[in-house]
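This briefing sets out selected side-chain contacts and a surface feature of one protein chain. Please read it alongside the sequence and coordinates.

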Amino acid sequence: MLITPLKPPTIEEVKKLGTTDIAIMTALSFSFRAKLRQYVQIDPYTVSDPFEGDDFEYSVMVDEEFPARIIAMNVRINNLPSEIPWKDILDGRLAMIQLSKSDALQLKSELMPKDTYNFYAYRRSGKIAGYVMFAFQICGHK
């Protein structure tokens with residue numbers, strides 16, 4: 001998996017995001033989703049947030065110019081081959097930053113007003129390979 005040396009955004013940085021930042025995040029997340037769809041099938045409905053158990057790897061896709069702008073959160077199922085060409089999907093503008101489970105949960109809680117059902121499952125060859133939450137789902141932040 002392609003991981004950048006950038007540091008994950010802090011809750012304080014995310015709290016400082018303005019309306020312009022959220023608009024940029026939204027536009028970038030629509031573009032990210034379109035590119036991701038070239039390699040996976042994204043389910044049309046959301047599922048429970050994947051924070052139960054230890055079977056997942058967490059990462060965020062951020063605007064490389066301003067990493068506090070979170071474009072999407074990706075939750076990949078461990079022990080599944082990652083055949084997704086993240087470098088092509090990120091396309092030079094975005095970066096992927098790996099997170100701990102607790103950091104991912106804190107960022108998700110800050111950005112998403114709902115307690116659960118924020119993630120779309122995505123599939124490779126019919127099997128769920130992971131879950132993704134997009135910035136265009138954000139209605140604001142705390």
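The model is predicted.

- Arg123 and Asp43 form a salt bridge through their side chains, with an N to O distance of 2.8 Å.
- Arg123 belongs to strand 5 (residues 119-124) and Asp43 to strand 1 (residues 41-47), so that this pair links distant parts of the chain, 80 residues apart.
- Asp43 counts as buried because its relative accessibility is 8%, under the 20% limit for that class.
- Arg123 is partly exposed, since its relative accessible area is 22%, which lies between the limits of 20% and 50%.

- The side chains of Asp49 and Lys108 meet in a salt bridge at 3.3 Å, N to O.
- Asp49 sits in the loop between strand 1 and strand 2 (56-63), while Lys108 is in helix 4 (residues 101-111); the pair therefore ties together parts that are 59 residues apart in sequence.
- Both Asp49 and Lys108 are buried.

- A salt bridge joins the side chains of Asp63 and Arg93, with 2.9 Å from N to O.
- This pair also links distant parts of the chain, 30 residues apart: Asp63 is in strand 2, and Arg93 is in the loop between helix 3 (86-90) and strand 4 (94-99).
- Asp63 is buried, because its relative accessible area is 0%.
- Arg93, by contrast, counts as partly exposed because its relative accessibility is 30%.
- Asp63 and Arg93 are members of a network of salt bridges that also includes Asp21, Glu65 and Arg69.

**Largest pocket**
- Twelve residues line the largest pocket, and those nearest its centre are Leu80, Pro81, Glu83, Arg124 and Ala129.
- At least two lining residues come from each of strand 5 and strand 6 (127-134).
- Strand 6 gives the most to the lining, with three residues.
- Sorted by class, the lining comprises six nonpolar, two polar and four charged residues.

Key
Residues numbered from 1 in each chain as written. Predicted model: local features only at pLDDT ≥ 70, side-chain atom pairs only at ≥ 80, totals over all residues. Heavy atoms only, no water. Salt bridge = Lys/Arg side-chain N within 4 Å of Asp/Glu carboxyl O. Helix = DSSP H or I, 4+ residues; strand = E, 2+ residues; numbered from the N terminus. Buried < 20%, exposed > 50% of the residue type's maximum accessible area, 1.4 Å probe, protein only. 1 Å grid on protein atoms, 1.4 Å probe; cavity = no way out; pocket = protein on both sides within 12 Å on 5 of 7 lines; lining within 4 Å. Nonpolar A, V, L, I, M, F, W, Y, C, P; charged D, E, K, R; others polar.
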